[in-house]
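Q: I'm new to this one and would like a close look at a single part: the place where the ligand sits. Could you walk me through it?

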Amino acid sequence: MIELAPGAVLLPNFAADDLWPAIQQITAAAPFRHMLTPGGFKMSVAMTNCGPLGWVTDRSGYRYSPTDPQTGSPWPAMPPEFLALAARAAHLAGFPGFTPDACLINRYEPGAKMSLHQDNDEHDFSQPIVSVSLGLPAIFLFGGFERSDKAARIKLHHGDVVVWGGPARLRYHGVLPIKPGEHPLTGPYRINLTLRTAGDVTMETVRRL
Ligand code: SIN
Ligand code: FE2
């Protein structure tokens with residue numbers, strides 16, 4: 001376990017290939033799609049979700065939704081192995097009792113990136129973020145509390161898990177453009193699972209830019 005900052009750790013090679021069949025089942029029911037930002041740009045990362053709540057973005061803003069806007073159906077259920085892995089990682093990082101209600105699944109093709117941002121659409125910042133990397137490697141940017149703060153560059157490989165919570169919960173983070181490659185499990189992609197407790201979003205909150 002490597003400490004990245006107070007409240008943030010990297011667990012190298014913590015997740016295993018056995019997550020893959022569940023990911024394939026989820027994406028068969030709720031396919032990856034390139035969502036629109038509130039500003040009208042298509043995201044380079046393709047996304048889907050599983051669990052009671054899913055993170056979505058479109059012209060009206062960023063928010064959590066209990067249903068897939070493409071089908072109107074609930075998101076696929078959170079696989080028990082996702083919950084177990086997330087709870088184990090969070091516990092090791094100092095956050096016992098983590099029970100995420102949302103899992104965003106990100107698919108990066110070569111060139112896809114995620115600009116520096118804070119995860120702040122959740123209601124409950126007392127709970128950490130657990131982020132699982134599979135497939136092609138990436139350079140993860142782990143910054144401070146202002147977008148302009150200098151960000152550390154951390155290489156993430158297949159199986160690596162990053163947890164940030166407590167004093168690190170609102171740190172800016174992002175991913176540099178993925179380099180082309182081929183991974184035995186995921187082929188030409190990097191897959192990221194981001195597990196979060198979104199909290200009570202029945203009173204829908206929409207964040208606007
Ligand atoms: C995210 O912040 O949603 C994704 C982070 C990652 O892909 O590692
Ligand atoms: Fe994020």
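A: Let's start with a term: a pocket here is an open set of grid points where a 1.4 Å probe fits, with protein on both sides within 12 Å along at least five of seven lines. A molecule sits in a pocket if more than half of its atoms lie within 2 Å of the pocket's grid points. Keep in mind that this is a predicted model.

With that in hand, ligand 1 sits in the largest pocket. Who's around it? The residues surrounding ligand 1 are Asn 106, Tyr 108, Met 114, His 117, Ser 131, Phe 140, His 173, Val 175, Arg 190, Asn 192, Thr 194 and Arg 196. Sorted by class, that shell has 6 polar, 4 nonpolar and 2 charged residues.

Now look at where the shell comes from. Four strands each give at least two residues to it: β6 (102-108), β7 (114-117), β12 (173-175) and β13 (190-196). The largest share belongs to β13, with 4 residues.

Next, zoom in on the oxygen atoms of ligand 1. One oxygen atom lies 2.5 Å from an N or O atom in the side chain of Tyr 108. For the side chain of Arg 190, the distance from a ligand oxygen to an N or O atom is 2.8 Å. With Asn 192, a ligand oxygen and a side-chain N or O atom are 3.3 Å apart. As for how covered the ligand is, ligand 1 taken alone exposes 260 Å², and the protein buries 99% of that.

How values were computed:
Residues are numbered from 1 along each chain as its sequence is written. Chains are lettered from A and ligands numbered from 1 in the order in which they are written. This is a predicted model: local features need pLDDT of at least 70, side-chain atom pairs count only at pLDDT 80 or more; totals for chains, interfaces and linings use all residues. Side-chain values use heavy atoms; hydrogens and water are left out. A residue is near a molecule or strand if one of its heavy atoms lies within 4 Å of it. A polar contact is a pair of N or O atoms within 3.5 Å; within protein, one must be able to donate a hydrogen and the other to accept it, and residues adjacent in sequence count only if both atoms are side-chain atoms. Accessible areas come from the Shrake-Rupley method with a 1.4 Å probe; for residues, only the protein chains shown count as cover. On a 1 Å grid over the protein atoms alone, a cavity is a set of points where a 1.4 Å probe fits but cannot get out, and a pocket is an open set with protein on both sides within 12 Å along at least five of seven lines; lining residues have an atom within 4 Å of a point. Ala, Val, Leu, Ile, Met, Phe, Trp, Tyr, Cys and Pro count as nonpolar, Asp, Glu, Lys and Arg as charged, and the others, Gly among them, as polar.
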